[in-house]
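This report describes selected features of one protein structure. Keep the sequence and the 3D view at hand while reading.

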Amino acid sequence: MKKIIAYPLSIIYYLLFGSTLVIFHFIQWICLNLFGYGAHKKSVDIMCFFLVANTYVLGTRYKVLGLDKIPSNVPLIIAANHQSLYDTTSIGWFFRKFHPKFISKIELGKGIPSISYNLTHGDSVLIDRKDPKQSLSAIKTMAEYIEKNNRAAVIFPEGTRSKTGKPGMFAKAGLKILCKNSPSAYVVPVTINNSWKMTLWGAFPMGIGNCIELLVHDPIKVNSMSLDELFIETENQIVNHINNDYIV
């Protein structure tokens, strides 16, 4: 019965989702080219609000805990597990105060209204996972950017989404490069729960009635421990708080 109800709700959702992306593609262009970074940032914030709000049609709820733990006016490295597209839209909206910039795969840089434009023009970086040299160079550029501007780099150390919610293996290289090149940063471990259930049945119909959780753990000063210790602590904080109701 739940899946049957999901079909008409999914149609409404996709109409709202597609409209939001098309409309804000042009809004972003106008804001950036006529008014600069500040206006573009506000347009992206509003877009993320609507992308989150669109999911309410599906009965989606959000629970965000620990935002008050995050220090202001310092570089941040937000490290999180990755379960779906809704991880990025949730972080984009709820963490907007910290100017989140994403480390994303190069394939997302073309062909997606609004999303591709923001990734290519909003100070995020795109990495080619088939080209380690390019990837590491791009991540270094991101680290230098957040160090200079006191903004937040968002990285998903798993590298790819977990379609079942079960955490994958975390890769060390990207996080270590961010830390080495942004020595005054704080690493902010974030556990994301239940966003994988949004695509429980695939792209259509959408999952309905889910509560997406974002749990912010205690930030870790980059120079407070060795990089190996920091990586282990970050991974443990994230993984140990992932719900165990995932599909094995």
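## Terms and basis

A residue is called buried when its relative accessible area is under 20%, exposed when that area is over 50%, and partly exposed in between, using a 1.4 Å probe and protein chains only. Helices (H or I, at least four residues) and strands (E, at least two) are DSSP runs, numbered from the N terminus.

The model is predicted: local features need pLDDT of at least 70, side-chain atom pairs count only at pLDDT 80 or more, and totals for chains, interfaces and linings use all residues. Residues are numbered from 1 along each chain as its sequence is written, and side-chain values use heavy atoms, with hydrogens and water left out.

## Helix α3

Helix α3 covers residues 85-94, and eight of its ten residues are buried, so this helix is largely enclosed by the rest of the structure. The buried residues of α3 are Tyr-86, Asp-87, Thr-89, Ser-90, Ile-91, Gly-92, Trp-93 and Phe-94.

Some of the links here are polar contacts, that is, pairs of N or O atoms within 3.5 Å; within protein, one atom must be able to donate a hydrogen and the other to accept it, and residues adjacent in sequence count only if both atoms are side-chain atoms. At the start of α3, a side-chain oxygen of Ser-84 comes to within 3.1 Å of the backbone nitrogen of Tyr-86. Thr-89, also in helix α3, is buried at 8% relative accessibility. A polar atom of the Thr-89 side chain lies 3.3 Å from the backbone oxygen of Tyr-86. Contact means heavy atoms within 4.5 Å. Not counting residues up to four places away in sequence, Thr-89 touches Cys-48, Leu-51 and Val-52.

Two packed helices are described by the angle between their axes and the distance between the axes. Axes are lines fitted to C-alpha atoms, for helices over the stretch in contact, and angles run from 0 to 180 degrees between N-to-C directions. Angles under 35 degrees count as roughly parallel, over 145 as roughly antiparallel, 65 to 115 as roughly perpendicular and the rest as oblique.

How do α1 and α2 cross? The axes of α1 (residues 2-35) and α2 (residues 37-54) come within 8 Å and cross at roughly 175°. The two helices are therefore roughly antiparallel to each other. Residues making this contact include Tyr-13, Phe-17 and Phe-24 of α1, and His-40, Met-47 and Leu-51 of α2. By type, the residues of the contact are 16 nonpolar, five polar and no charged. Here Ala, Val, Leu, Ile, Met, Phe, Trp, Tyr, Cys and Pro count as nonpolar, Asp, Glu, Lys and Arg as charged, and the others, Gly among them, as polar.

## Aromatic pairs

Rings of Phe, Tyr and Trp (its six-membered ring) pair if their centres lie within 6.5 Å; planes under 30 degrees apart count as stacked, over 60 as edge-to-face and the rest as tilted. The count by this rule is nine aromatic pairs. In one of them, the rings of Tyr-13 and Tyr-86 have centres 6.5 Å apart and planes at 50°, so the pair is tilted. This pair links distant parts of the chain, with Tyr-13 in helix α1 and Tyr-86 in helix α3, 73 residues apart.

Tyr-13 is buried, with a relative accessible area of 1%, and Tyr-86 is buried at 6%. Ring pairs also join Tyr-13, Tyr-14, Phe-17 and Tyr-86 into a cluster.

## Backbone exceptions

Most residues other than glycine have a negative phi, and most peptide bonds are trans. The bond from Phe-204 to Pro-205 is cis, with omega near -5°. Pro-205 sits in the loop between β6 (186-193) and β7 (211-216) and is buried, with a relative accessible area of 1%. From C-alpha to C-alpha, Pro-205 and Lys-3 are 7.3 Å apart in space, while 202 residues apart in sequence. Leaving out residues up to four places away in sequence, Pro-205 touches Lys-3, Ala-6, Tyr-7 and Ser-10.

Ser-114, which is not a glycine, has a positive phi near 70°. Ser-114 lies in the loop between β3 (100-105) and α4 (115-121) and is buried, at 0% relative accessible area. Asp-123 has a positive phi of about 75°, and is not a glycine either. Its place is in the loop between α4 and β4 (125-127), and at 32% relative accessibility Asp-123 counts as partly exposed.
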